[in-house]
Protein chains: 2
Amino acid sequence: MSKSNIRPLGYNAYMKNKPIGIFDSGVGGLTVAAQIMEKLPNENIIYFGDTARFPYGTKSATELIEYTFQIVKFLREQDVKLAVIACNSASSAALEKAQEHFEIPILGVVEPGARAAVLASINRHIGAIGTETTIKSDAYKKAIHMFDAGAQVFSATCPSFASFVENGHIEGDYIYEMAEKYLTPLKKQEVDSLILGCTHYPLLSDIIQKVMGTEVKLINSAEETALEVREVLERKDQLRKDGKSSYRFISTGDSSKFHKLGTRFLGREIKQVETVKLDVEH
Amino acid sequence: MSKSNIRPLGYNAYMKNKPIGIFDSGVGGLTVAAQIMEKLPNENIIYFGDTARFPYGTKSATELIEYTFQIVKFLREQDVKLAVIACNSASSAALEKAQEHFEIPILGVVEPGARAAVLASINRHIGAIGTETTIKSDAYKKAIHMFDAGAQVFSATCPSFASFVENGHIEGDYIYEMAEKYLTPLKKQEVDSLILGCTHYPLLSDIIQKVMGTEVKLINSAEETALEVREVLERKDQLRKDGKSSYRFISTGDSSKFHKLGTRFLGREIKQVETVKLDVEH
């Protein structure tokens with residue numbers, strides 16, 4: 001679009017029908033897609049899982065910026081009205097650079113979760129859990145302090161959570177004991193709100209809630225990001241309020257594995273998975 | 001309150017009835033108070049106007065931090081559940097330090113306005129107008145880039161706006177011409193959303209809208225701050241949802257002048273104005 005505020009008549013109606021682009025290193029971001037589908041039921045969605053290069057958690061910031069640029073470029077070619085980086089590692093590493101580079105609005109998952117935690121906390125002891133890459137980047141800490149410079153942030157990595165979820169293990173004594181080990185330090189700090197800073201963690205909500213205690217508010221970054229996407233589209237008058245939605249699922253790797261795993265993360269059936277190879281420019 | 005998440009039964013019900021504290025250098029912050037009264041009709045409110053030291057726009061950051069600390073301390077003694085710095089200059093200079101120092105949640109007016117502008121903008125050309133102190137501090141620019149690193153920010157000072165509003169001049173050819181002079185540079189940059197970054201400016205909305213054109217969204221920081229206060233209290237389950245509200249108005253200077261001017265800014269009658277002298281510790 002032109003960088004002008006003089007938009008042709010019918011511009012917003014035209015924008016409304018464009019899809020939302022969502023991407024992640026794999027199927028984890030489908031928890032974000034699921035929340036967007038639930039909270040914005042008329043939106044068309046293109047979900048892009050970069051499964052060929054999964055996981056992002058072990059990649060460098062430079063690599064994540066490169067991957068993000070490739071994927072946002074691809075999503076722009078599909079004419080999305082908005083892109084969501086539904087991956088904590090890529091959000092932490094590449095969001096700002098992508099916002100500076102591309103013309104379309106780009107949202108990450110870190111800021112919405114951090115804001116929700118600050119707003120919900122009463123004792124201002126906020127917990128954040130995520131992969132090593134995400135926690136090491138201090139992205140949640142910075143985002144929390146953006147909203148409340150005086151909040152105390154306690155974070156922890158939960159190295160095995162994601163792979164357990166990926167393999168379908170989301171309950172049982174072993175997972176409970178692991179959760180206790182990871183979360184006890186945060187419990188000792190009396191955090192009263194805890195950010196689930198990895199797309200896989202909402203599938204472990206029950207166990208995490210049990211370990212932390214019922215009085216601790218779990219902040220689901222996926223849900224908060226969906227709420228933010230809705231507010232963004234409402235404020236821009238680009239929310240699609242009626243009409244049947246259509247969904248496309250794209251994977252860079254094994255489409256049958258994406259299909260099988262993805263159904264569990266999305267919580268609804270995935271009809272078809274397209275395979276795409278990204279042009280790597282070097 | 002204790003920094004514990006184990007709160008006694010009935011804690012939130014007890015918190016709900018506590019007042020919200022709002023302060024400003026004078027009567028300007030009453031535009032924020034008016035929005036809070038409208039959007040949170042059951043809340044008890046204490047408004048503090050530091051008229052004896054008005055205006056804040058010419059004070060140093062060190063002074064504004066000192067004043068803010070004195071006033072938040074006073075409001076805490078009145079047992080407020082939340083404090084709002086309803087002044088752009090004091091928010092820019094003192095919000096972070098106050099959040100670090102005090103236990104109660106403290107909100108400013110800059111972040112809510114910046115967030116709303118980013119969410120509303122389509123061409124990502126965002127305008128911000130304010131007093132010289134506010135614009136020079138780059139607080140809006142920083143806050144906008146927090147939400148969208150790629151947004152282009154264009155700002156302008158409107159030196160005479162506040163004193164005209166203060167003296168009751170909010171319409172007429174002269175004001176229109178002045179507005180044209182201040183706003184034309186922003187219009188040339190094709191900003192599609194414009195933050196009214198001073199508590200006095202909402203009273204000039206009609207003229208500003210006329211000069212900018214109907215397609216430009218005016219972001220009223222006072223309204224956005226009220227929405228944020230509501231979300232904060234909802235998320236903390238501390239919103240007072242029923243019961244008659246009570247309002248106190250406190251001024252450090254001439255209470256009859258506060259009364260006369262304040263009624264216009266608040267848009268409703270002020271019954272009584274208390275006078276308070278702050279202890280200056282040096």
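In which loop of chain B is B:Pro55 found? B:Pro55 is found in the loop between β2 (45-49) and α3 (61-77) of chain B, where helices (H or I, at least four residues) and strands (E, at least two) are DSSP runs, numbered from the N terminus. A cis peptide bond joins B:Phe54 to this proline, with omega about -5 degrees. In chain A, A:Pro55 is found in the loop between β2 and α3 (61-77), and the peptide bond from A:Phe54 to A:Pro55 is cis, with omega near -10 degrees.

**Basis and confidence**

This is a predicted model, in which local features need pLDDT of at least 70, side-chain atom pairs count only at pLDDT 80 or more, and totals for chains, interfaces and linings use all residues. Residues are numbered from 1 along each chain as its sequence is written, while chains are lettered from A and ligands numbered from 1 in the order in which they are written. Chain A averages a pLDDT of 93 (pLDDT is the predictor's confidence in each residue, from 0 to 100), and 96% of its residues score at least 70. The scores of the model are ipTM 0.91 and pTM 0.93.

**Overall form of chain A**

Chain A has 12 helices and 10 strands. Its radius of gyration, taken over C-alpha atoms, is 18 Å, close to the 19 Å that the globule rule (2.2 Å times the number of residues to the power 0.38) gives for 282 residues, so chain A is as compact as a globular protein of that length. Along the principal axes, the C-alpha atoms of chain A fill a box of roughly 55 × 40 × 40 Å.

**The sheet in chain A**

In chain A, 6 strands form an open sheet in the order β4-β3-β1-β2-β9-β10, with parallel pairing; two strands pair if DSSP finds at least two bridges between them. At the edges stand β4 (106-107) and β10 (273-275) of chain A, each with a single partner strand, so one side of each is left without a neighbour in the sheet.

| Strand pair | Bridges | Example of bridge partners |
|---|---|---|
| β1(A) and β3(A) | 4 bridges | A:Phe23 and A:Ile85 |
| β2(A) and β9(A) | 5 bridges | A:Phe48 and A:Ile250 |
| β9(A) and β10(A) | 3 bridges | A:Ser251 and A:Thr275 |

Helix α2 (residues 30-39) of chain A lies across β1, β2 (45-49) and β3 of chain A, running at about 170 degrees to β2(A). Such axes are lines fitted to C-alpha atoms, for helices over the stretch in contact, and angles run from 0 to 180 degrees between N-to-C directions. A:Asp237, found in the loop between α11 and β9 (247-251) of chain A, has a positive phi of about 55 degrees although it is not a glycine.

**The sheet in chain B**

Chain B has an open sheet of 6 strands in the order β4-β3-β1-β2-β9-β10, with parallel pairing. Its edges are β4 (106-107) and β10 (274-275) of chain B, each with a single partner strand, so one side of each is left without a neighbour in the sheet. Strand β9 (residues 247-251) of chain B pairs with β10(B) in the parallel sense over 2 bridges; the bridge partner of B:Ile250 in β10(B) is B:Glu274. Helix α4 (residues 88-101) of chain B lies across β3 (82-85) and β4 of chain B and runs at about 155 degrees to β3(B).

**How the chains are related and where they meet**

The contact takes 23 residues from chain A and 23 residues from chain B, where two residues are in contact if their C-beta atoms, placed from the backbone, lie within 7 Å. On the side of chain A that touches chain B, α4 (88-101), α5 (110-120) and α11 (221-235) of chain A each supply at least two residues. The residues of this side divide into 7 nonpolar, 6 polar and 10 charged; Ala, Val, Leu, Ile, Met, Phe, Trp, Tyr, Cys and Pro count as nonpolar, Asp, Glu, Lys and Arg as charged, and the others, Gly among them, as polar. Of the interface residues of chain A, 100% are also interface residues in chain B, so the copies meet through the same surface.
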